[in-house]
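Subject: A structure for you to explore

Hi,

Here is the structure I promised to pass on. Have a look at it first, and then read my notes below.

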Amino acid sequence: MLFLVSLFLLQAADLSAARHADPVPSELAAAVAGTMSSGGVRATVGANTVTFWFVKDLGASAWSGVKEGTLVGAARLEKDFRDIRGRVIKAGTFTVRYGIQPANGDHLGVSPYREFLLLSPAALDTDAGPRGHDGTVELSKEAI
């Protein structure tokens with residue numbers, strides 16, 4: 001469900017990253033693909049590679065103005081990946097959406113950060129519009 005890019009990258013001893021000029025993944029729905037820029041960043045950690053593409057415009061000048069569930073990009077996992085809870089995220093293409101961890105006490109001690117990027121299967125995420133908290137979380141559960 002939660003794809004913690006920061007933890008994935010920060011905990012890796014052998015991290016490398018480089019820009020790429022790959023076209024937007026063909027697995028993305030037309031409405032989603034139309035919001036993406038070609039090219040992006042390819043990060044390699046150990047034996048796994050994650051390729052990222054980002055939206056052309058977030059529609060806000062700072063994260064504080066971005067609505068929860070906003071589409072921020074796409075990602076392709078080359079190999080299966082275990083999230084921080086040990087659950088397997090299968091290799092494939094995903095959308096990446098902005099999420100905020102609720103401040104309701106249920107998530108105390110999970111992370112010092114409330115803002116996350118969540119993966120959702122590209123085949124199921126066909127609308128580029130913001131999904132809100134519940135819609136984003138429900139859709140991201142399908143990545144597991």
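A residue is called buried when its relative accessible area is under 20%, exposed when that area is over 50%, and partly exposed in between (1.4 Å probe, protein chains only). Helices (H or I, at least four residues) and strands (E, at least two) are DSSP runs, numbered from the N terminus.

Before the findings, some background. This is a predicted model, in which local features need pLDDT of at least 70 and side-chain atom pairs count only at pLDDT 80 or more, while totals for chains, interfaces and linings use all residues. Residues are numbered from 1 along each chain as its sequence is written, and side-chain values use heavy atoms, with hydrogens and water left out.

Let's start with helix H3, residues 132–140, where Thr136, Val137, Leu139 and Ser140 are buried. Viewed down the axis of H3, these residues fall within an arc of 165° (taken from the directions from the helix axis to the C-beta atoms), so they line one face of the helix. They pack against strand E8 (92–100) and strand E9 (115–121), where contact means heavy atoms within 4.5 Å.

Next comes strand E4, residues 48–55, which has seven of its eight residues buried. Two strands pair if DSSP finds at least two bridges between them. E4 pairs with strand E3 (residues 36–45) in the antiparallel sense over seven bridges, and Arg42 stands opposite Thr51 in E4. The two strands form a hairpin with two residues between them, and Gly46 in the turn has a positive phi of about 60°. E4 also pairs with strand E5 (residues 71–77), again antiparallel, over five bridges; here Phe54 faces Gly73 in E5.

What is the place of Asn48? Asn48 is in strand E4, and it counts as buried at 7% relative accessibility. A polar atom of its side chain lies 3.2 Å from the backbone oxygen of Lys79, and the side chain of Asn48 also reaches the backbone oxygen of Asp80 at 3.3 Å.

Finally, the structure holds one aromatic pair, meaning rings of Phe, Tyr and Trp (its six-membered ring) with centres within 6.5 Å; planes under 30 degrees apart count as stacked, over 60 as edge-to-face and the rest as tilted. The rings of Phe52 and Phe54 have centres 6.1 Å apart and planes at 10°, so this pair is stacked. Phe52 is buried at 8% relative accessibility, whereas Phe54 is partly exposed at 41%.

Enjoy exploring!

Conventions: Polar contact = N/O pair within 3.5 Å; in protein donor to acceptor, adjacent residues only side chain to side chain.
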